[in-house]
Amino acid sequence: MILKRLQTSIPSGDREIKALMKQASKAASSRRKAEQEKAGGLLGRVIARVATVLEAEVRKTKTEADKVHEEHRSSASSKSCTERNLSAAKQAVLDSKAQLKEVEKQISAETKAIASAKTEQKDAASEVKLVDEKKRQLMDAEEKAFRPLKTAELQGGATKKTINSLCKAGEKVGFHKELLSVMPVVLRKSLERRHTFDKTVVQSLDAAFAKHLQALSSELRASEDALCECAGALAQREENLSLAKEKRQATVTAIASAEAAVSDSQKALTLAKKRVRSLPKVLKQASLRAKQSQTRNEKFRRGALAAYLKLQPVRHVAVEDFDTEQDEEEDDAMENETEELAQEEENEAEDEEEEEEEDGENEDEEAFDEETDNRKNVKGR
């Protein structure tokens, strides 16, 4: 019977078809002619509904199979991309750590250079102070000792004391020895008693004071310039140290970011691997569903639909089935494929559990190696 053949083609869960089938079967069982004719109309509605549902199912399962196939392709590409990202992140960690070592060396060198520059600055400041003190003492000696003696303003014991202090000041800055030896005799004389030689000695003392004051002024300027250079060098070193410390902080941040990227990439790679491993099974299931839908549709068209079209107009719905043996063979083949797929799913599940255990062990080893490297780096610092 066509109704019997339709039983193998009815999509599960379609209540409308089942209701129509029930009505058609009831009408076909009746002996009244009106019911027989009604059965033919109901059968036509069943055939049309089954054809529509089966065609929709074929399109749906084919679309799903194509979608899974595309996902399988894109997942493989995504896995490769994730592996490249992981490799790049690991290399970024290594590069940043190498850069951190260089920055640490630079900070150490700049710290030593700053200490040296501070010492030089201190020495230069001391030199400025010393030369300035010499110049001030010489100017005081000229103003308070030589000028009064030159004009013979001092009398008595004050003259001797002032000459002694003037000799000491001249000796300290480097006056000529012969000039220092004749200077006391000349400066003790009054202005009336000083003759040509005495006046020459006084002029020589004027020239000596001017010469040495000029030399001390030049030396003071040079010392002050050296002090400014030391201050500039110190400021530059301190700026270099500040920049190096900022670079170190930025490098530490970069290392943390790169390590986080490594962790994220490892997790993403684990998920990608699992997805790639699971997709062949999903693809096979989707392909099997598409094939089964196509087979059911072809079986329906070759069997129930062909018989219905052949018997139009329907006088009696109890007709012999066609291609029964072929339909049974197709049913057996579909059953075998379903059983094989179930067995493969079980095997793949076991393989996936083993691979997950291996991935976990590899991640533990990588974490241990990374911790060991970090400890070495800390000790090295």
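This is a predicted model: local features need pLDDT of at least 70, side-chain atom pairs count only at pLDDT 80 or more; totals for chains, interfaces and linings use all residues.
Colleague: What share of the residues of the protein counts as buried?

Modeller: A residue is called buried when its relative accessible area is under 20%. The accessible surface of the protein comes to about 24,400 Å², and 51% of it belongs to carbon and sulfur atoms. Of the 381 residues, the buried share is 31%.

Colleague: What distance does α6 reach from its first C-alpha to its last?

Modeller: Helix α6 covers residues 196–310 and has 115 residues. At 1.5 Å a residue, the expected span is 171 Å. The helix comes close to that value, with a reach of 160 Å.

Colleague: At which residue does α6 bend by about 35°?

Modeller: The bend at a residue is the angle between axes fitted to the seven residues ending there and the seven starting there. In α6, an angle of about 35° is found at Phe 300.

Colleague: Is the one aromatic pair in the structure stacked or edge-to-face?

Modeller: A search of the whole structure finds one aromatic pair. The rings of Phe 175 and Phe 209 have centres 5.0 Å apart and planes at 85°. Planes over 60 degrees apart meet the cut-off, so this pair is edge-to-face.

Colleague: How many residues apart in sequence are the parts that the pair of Phe 175 and Phe 209 ties together?

Modeller: Phe 175 lies in the loop between α4 (157–173) and α5 (177–188), whereas Phe 209 lies in helix α6. Both Phe 175 and Phe 209 are buried. The pair ties together parts whose separation in sequence, in residues, is 34.

Colleague: Is Thr 251 buried or exposed?

Modeller: Thr 251 lies in helix α6. It touches Ser 96, Gln 99, Leu 100 and Val 103, not counting residues up to four places away in sequence. Its relative accessibility is 4%, so Thr 251 counts as buried.

Colleague: The side chain of Thr 251 has a polar atom 2.7 Å from the backbone oxygen of which residue?

Modeller: The C-alpha atoms of Thr 251 and Lys 97 are separated by 7.8 Å, although these residues are 154 residues apart along the chain. The backbone oxygen in question belongs to another lysine, Lys 247.

Colleague: Which residues does Ser 293 contact, leaving aside its neighbours within four places in sequence?

Modeller: Ser 293 is placed in helix α6. With 1% relative accessibility, Ser 293 counts as buried. Leaving aside those neighbours, its contacts are Glu 57, Val 58 and Thr 61.

Colleague: How far apart in space are Val 128 and Ser 223, C-alpha to C-alpha?

Modeller: Val 128 belongs to helix α3 and is buried, with a relative accessible area of 13%. Leaving aside neighbours within four places in sequence, Val 128 is in contact with Leu 220, Ser 223, Glu 224 and Leu 227. Val 128 and Ser 223 are 95 residues apart in sequence, and their C-alpha distance is 5.2 Å.

Colleague: Is His 72 buried or partly exposed?

Modeller: His 72 lies in helix α3. At 27% relative accessibility, His 72 counts as partly exposed.

Colleague: Is Glu 153 buried or exposed?

Modeller: Glu 153 is placed in the loop between α3 (33–150) and α4. Glu 153 and Ser 190 are 37 residues apart in sequence and 8.9 Å apart in space, C-alpha to C-alpha. The relative accessible area of Glu 153 is 57%, so this residue is exposed.

Methods: Residues are numbered from 1 along each chain as its sequence is written. Side-chain values use heavy atoms; hydrogens and water are left out. Rings of Phe, Tyr and Trp (its six-membered ring) pair if their centres lie within 6.5 Å; planes under 30 degrees apart count as stacked, over 60 as edge-to-face and the rest as tilted. Helices (H or I, at least four residues) and strands (E, at least two) are DSSP runs, numbered from the N terminus. Buried means under 20% relative accessible area, exposed over 50%, partly exposed in between (1.4 Å probe, protein chains only). A polar contact is a pair of N or O atoms within 3.5 Å; within protein, one must be able to donate a hydrogen and the other to accept it, and residues adjacent in sequence count only if both atoms are side-chain atoms. Contact means heavy atoms within 4.5 Å. Accessible areas come from the Shrake-Rupley method with a 1.4 Å probe; for residues, only the protein chains shown count as cover. The expected span of a helix is 1.5 Å times one less than its number of residues.
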